[in-house]
Amino acid sequence: MAMAAQGLVSSAVVSSSLSSSFTHVDSGKNVSFLSSFSPAVAHCNGKNSRRNSSQRTKVVRCDVETKERQCYATQVKRNPNFAKLQAGYLFPEIGRRRAAHCAKYPDAKVISLGIGDTTEPIPSVITDGMKNKAHGLSTLEGYSGYGAEQGEGPLRAAIQKLYAKISPNTGVKPSEVFVSDGAKCDIARLQMMFGSDVTIAVQDPSYPAYVDSSVMIGQTGLYQAESQQYSKIRYMKCTPENDFFPDLASTPRSDVIFFCSPNNPTGAAATRKQLEELVAYAKRNGSIIVYDAAYSIYITDDSRPKTIYEIPGAREVAIEISSFSKFAGFTGVRLGWTVVPEELMYADGSPLGEPFPVIKDFNRVMTTSFNGASNIAQAGGLACLSDEGWKAMEELVGFYRENVDILVSALNSVGLRTYGGENAPYVWVHFPGESSWDVFSKILEKAHIVTTPGSGFGPGGEGFVRISAFGHRENILEAAERLKKLFA
Ligand SMILES: Cc1ncc(COP(=O)(O)O)c(C=O)c1O
């Protein structure tokens, strides 16, 4: 085990199990220490280390949850922003609870209406596009390597056409469309661009990636257990009382406002008037809106905009992210896009300290940290946006809408109050006065159905659970029956 490299000031290789010893390696010498063992946590952070200056070595106490594990500690300090994050990302936590449930009830048929992953096959008119592209890669004429980091021209043009079809006034140009490997990845890239000095506002509840990426990049203070909020983030309450639209008049200014419509998790889609208010608010305050339209295809009510660019003036204040994930079942294929209008400007940044186009920085982010979406996925995206592909996607979305109807009528039939669903694949179920995690546990324990606790999306989600309508029909029907029985 002689692995002490020259220049390695302190290193330790630790083998630990309940009765194991630490094997300390320095200059080829093995020294053993008794370990202490904590079954719940894995800390390999050298917290309890002590340095033997004569040997220039470090003893690392390594608490691990697994029985047998090698642990080596570098001298690199952990990014303190990561220590602020609470209990892991919501969905891994749900996954852990689901796994524990399955271990407890190995024979139970667990139905997952939690994470919001699509379940139905991608229409073949779309996979044919990918298949042809993939086969083409085996030919001299069809082969292509790296593509443009911003996306292939025909797909950027097709996305621009989609905007033009929604409304002739969106003004989106192909050069403003950045094709990516998904909206979540773009959220992180946007945060990288904004940096740690901006302040952000989020709807409360909201999709967790906005808050967690903000914490990671260092925009926030510590988590406040009492309020269940990170300091420096503005949480804009969205409840049935305010029609799931924040009271902007009482919301102090933030640099960046993350706004998702149709909303995950509440399922609420903002009206035109509400979005006009949002754009006017951003303009008054000199803020940038990051508008997440990942579910826009689920909008059935024509009075609710499908893109923020339907609102006059939005081009000066809004970036829009979107995705093929929930449009076409591309959650595994990975394809999305971000629109950054040319008119969107930072306050400063030019050599003379004058306004600077945001699109230039986002282009720099994409060309530095991304090497273009998969060309096969992009062929799939192009197929999605063909006339036939669009028809097939609408059918797919229509199937999930029927699932929503089944779930909503079951829940309403036993007196439960539901929101959302009409313009989104999510049903937001109200359990006034109850804890979301308690309701989550009750539904899992008694009905073997995985949902998502509303409080996982922010303190404003307390008292709600989100039920996803992504599921095979027989599972949705069975879940509806189980829920009726449970709450009858
Ligand atoms: C609001 C919202 N934005 C973005 C995403 C992520 O989309 P993608 O799969 O394109 O990364 C999701 C996924 O659930 C979402 O709910």
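**A buried alanine, then the rest**

Modeller: Ala 424 counts as buried because it has 30 C-beta neighbours inside 10 Å. Buried means 20 or more other C-beta atoms within 10 Å of the residue's own, exposed means 12 or fewer, and partly exposed is in between, with C-beta atoms placed from the backbone.

Colleague: What kind of model is this, and how are residues numbered?
Modeller: This is a predicted model: local features need pLDDT of at least 70, side-chain atom pairs count only at pLDDT 80 or more, and totals for chains, interfaces and linings use all residues. Residues are numbered from 1 along each chain as its sequence is written.

Colleague: Back to Ala 424. Where is its place?
Modeller: Ala 424 is in the loop between strand E19 (417-420) and strand E20 (426-430). Helices (H or I, at least four residues) and strands (E, at least two) are DSSP runs, numbered from the N terminus.

Colleague: Which residues is Ala 424 in contact with, leaving aside neighbours within four places in sequence?
Modeller: Pro 262, Asn 263, Gly 267, Ala 269, Tyr 295 and Tyr 298. Contact means that the C-beta atoms, placed from the backbone, lie within 7 Å.

Colleague: What separates the C-alpha atoms of Ala 424 and Val 397?
Modeller: 9.6 Å, and the two residues are 27 apart along the chain.

Colleague: Which sheet has E19 and E20 in it?
Modeller: An open sheet of four strands, in the order E19-E20-E23-E22, with antiparallel pairing. Its edge strands are E19 and strand E22 (452-453), each pairing on one side only. Two strands pair if DSSP finds at least two bridges between them.

Colleague: What packs on the sheet?
Modeller: Helix H11 (residues 387-413) does, touching E19, E20 and strand E23 (464-468). The direction of H11 makes about 10° with that of E20. Axes are lines fitted to C-alpha atoms, for helices over the stretch in contact, and angles run from 0 to 180 degrees between N-to-C directions.

Colleague: How many bridges join the strands there?
Modeller: Four join E19 to E20. E20 and E23 pair over five bridges. E22 and E23 have two.

Colleague: Which residues are partners in those pairings?
Modeller: Gly 420 stands opposite Val 427 in E20. Tyr 426 has Ser 468 in E23 as its bridge partner. For Thr 452, the bridge partner in E23 is Arg 466.

Colleague: Why is E23 largely enclosed?
Modeller: Five of the five residues of E23 are buried, so the rest of the structure largely encloses it. Both faces are covered. Phe 464, Arg 466 and Ser 468 are buried on one side, and Val 465 and Ile 467 on the other.

Colleague: New topic. What surrounds the ligand?
Modeller: 14 residues do, and the closest are Gly 182, Lys 184, Asn 264, Ser 323 and Ser 325. A residue is near a molecule or strand if its C-beta atom, placed from the backbone, lies within 6 Å of it.

Colleague: How does that shell divide into nonpolar, polar and charged?
Modeller: Five are nonpolar, seven polar and two charged. Ala, Val, Leu, Ile, Met, Phe, Trp, Tyr, Cys and Pro count as nonpolar, Asp, Glu, Lys and Arg as charged, and the others, Gly among them, as polar.

Colleague: Which helix gives the largest share of the shell?
Modeller: Helix H5 (residues 183-194), with three residues. Several residues of H5 are buried, including Ala 183, Asp 186 and Phe 194. Just after H5, Gly 195 takes a positive phi of about 80°.

Colleague: What about the sheet with seven strands?
Modeller: That sheet is open, in the order E8-E16-E15-E14-E13-E9-E12, and its pairing is mixed. Strand E8 (177-180) and strand E12 (233-237) are the edge strands. Inside the sheet, strand E9 (residues 200-204) and strand E13 (residues 256-260) run parallel, joined by three bridges. Ala 201 has Ile 257 in E13 as its bridge partner.

Colleague: Which helix lies across E8?
Modeller: Helix H4 (residues 153-166) lies across E8 and strand E16 (336-339), running at about 120° to E8.

Colleague: Last one. Is Glu 474 buried or exposed?
Modeller: Glu 474 counts as exposed because it has 9 C-beta neighbours inside 10 Å. Glu 474 is found in helix H13 (residues 473-487).

Colleague: And how many helices and strands are in the protein chain?
Modeller: 13 helices and 23 strands. Buried residues make up 43% of the 488 residues.

Notes. Contact = placed C-beta atoms within 7 Å.
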